[in-house]
Amino acid sequence: MDYRTLLAAVLGVGLGAVLIAAPEAILRAHTVGRVPGDRGGEYGSDGEPNEGIRRLVRVVGAALVLAGLYFGAVAVGAV
Amino acid sequence: MRHPSLTARMAVVGSILFAFYAVAAVVAMGAFGAPLWLVLVGSVLFVGVQYKVGKWAAIRSVGAEDMPEGQYQEIHRQVEALSEEMGIDKPRFMIARMGVPNAFAVGRKGAGTVVVSRELLATLDADEVEGVLAHELAHIANRDVVMMVLGQGIASIVAIVAQWAVLLTGDNEIADFFLAIVVGQLVQMLVMLFVMAISRYREYVADSDAAGAIGSGETLARALEKISRGNERAGESAVDEQVNALCIFGEERGLARLFATHPPMEKRIERLRS
């Protein structure tokens, strides 16, 4: 079994799940410190990304899950 | 203003970030044969560019313009008095139409900028605006913006190095490229977890400094309450998809909460009044 491919599969599915469940988490991990986090929303709260960006992150998350499942199948020799 | 609890927290988080950075620097030196001075200069340049571009982009993205002193005499007077009280130079003061009541600070001590929205000035009373201004000035006085840029810079550097380390140790197969991207993102998120945690605490500290500068936390608490209530009303009355989405996801839980830069509004109000 190729353990690197298996690791890619597990981490890919994990990251994809995070992106689907909490898209704002990855967005903030990239934007905080680059732009003021409180610039986009109401005062005293984190700016909420708009629904289009949220959807895009979820689509990327779904793609990561699918890619992870593919690499999982490759790692165990099913493909 | 001195904050022993913030200093202690910064020591812990700073050590963790330094450890991440040190590992990344050693890996970069080992993998690319780069001398230490090049790694250090490259890191400083990377963070410096992020700081400059971030400040410029933040002001430009909301279309902020300088707040005319003649038209907003009272606010300028408040900012001057608060800046003196906090021991900082009066920052550049700007106004913008943001669509919501908001204010933010960018820059550093001595070269700071505070932007307030016209909607904020229209929503709040003069003393509540003073509370908000004091909070933003406290961010500049405490170098919070610089700390966040530094934290993001370290997270990005560590993530890039992790990504390259995975790539260079692989067999150039498609799975290696995939693994490198995923590891880079996960490392970025891991490092930012610590940065976000300290950011939330820094909000409490800025609230406390604002309360100290104006003599009470009540006005800022009232301002937060008023904005929060206005937000809730907007959520109840509007029916479009965008607002519905905010209602579903607005209350942050779990992971989203771990990645929040601000503590929950009700906790801040409670602390300001305690």
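Two strands pair if DSSP finds at least two bridges between them. Strands (E, at least two residues) and helices (H or I, at least four) are DSSP runs numbered from the N terminus. By that rule, strand E3 (residues 103–108) and strand E4 (residues 111–117) of chain B pair in the antiparallel sense over 6 bridges. This is a predicted model, in which local features need pLDDT of at least 70 and side-chain atom pairs count only at pLDDT 80 or more, while totals for chains, interfaces and linings use all residues. Residues are numbered from 1 along each chain as its sequence is written, chains are lettered from A and ligands numbered from 1 in the order in which they are written, and side-chain values use heavy atoms, with hydrogens and water left out.

**Sheet of chain B**

- An open sheet of 4 strands has the order E1-E2-E4-E3 in chain B, with mixed pairing.
- Its edge strands are E1 (65–66) and E3 of chain B, each of which pairs on one side only.
- Strand E2 (residues 92–96) of chain B runs parallel to E4(B), joined by 5 bridges; B:Arg92 has B:Thr113 as its bridge partner in E4(B).
- E3(B) and E4(B) form a hairpin with 2 residues between them, and B:Gly110 in the turn has a positive phi of about 95 degrees.
- B:Arg108 has B:Ala111 as its bridge partner in E4(B).
- In E3(B), 5 of the 6 residues are buried (under 20% relative accessible area with a 1.4 Å probe, protein chains only; exposed is over 50%, partly exposed in between).

**Helix H3 of chain A**

- H3(A) (residues 51–75) has 25 residues and reaches 36 Å from its first C-alpha to its last, close to the 36 Å expected (1.5 Å times one less than the number of residues).
- A:Asn50 caps the N-terminal end of H3(A), with a side-chain oxygen 3.0 Å from the backbone nitrogen of A:Gly52.
- Buried residues of H3(A) include A:Arg54, A:Val57, A:Gly61, A:Leu64 and A:Phe71.
- Just after H3(A), A:Gly77 takes a positive phi of about 80 degrees.

- B:Phe32, B:Ile160, B:Trp164 and B:Leu168 form a nonpolar patch on the surface, with about 410 Å² of accessible area together.
- Helix H6 (residues 144–168) of chain B gives the most to the nonpolar patch, with 3 residues.
- B:Phe32 lies in helix H1 (residues 4–32) of chain B and is partly exposed, with a relative accessible area of 48%.
- B:His139, in helix H5 (residues 126–141) of chain B, is buried because its relative accessible area is 7%.

Definitions and conventions: Patch = residues over 30% accessible without salt bridge, like charges linked within 9 Å, V, L, I, M, F, W, Y side chains within 5 Å. Areas by Shrake-Rupley, 256 points an atom, 1.4 Å probe, with all protein chains shown as cover. Salt bridge = Lys/Arg side-chain N within 4 Å of Asp/Glu carboxyl O. Polar contact = N/O pair within 3.5 Å; in protein donor to acceptor, adjacent residues only side chain to side chain.
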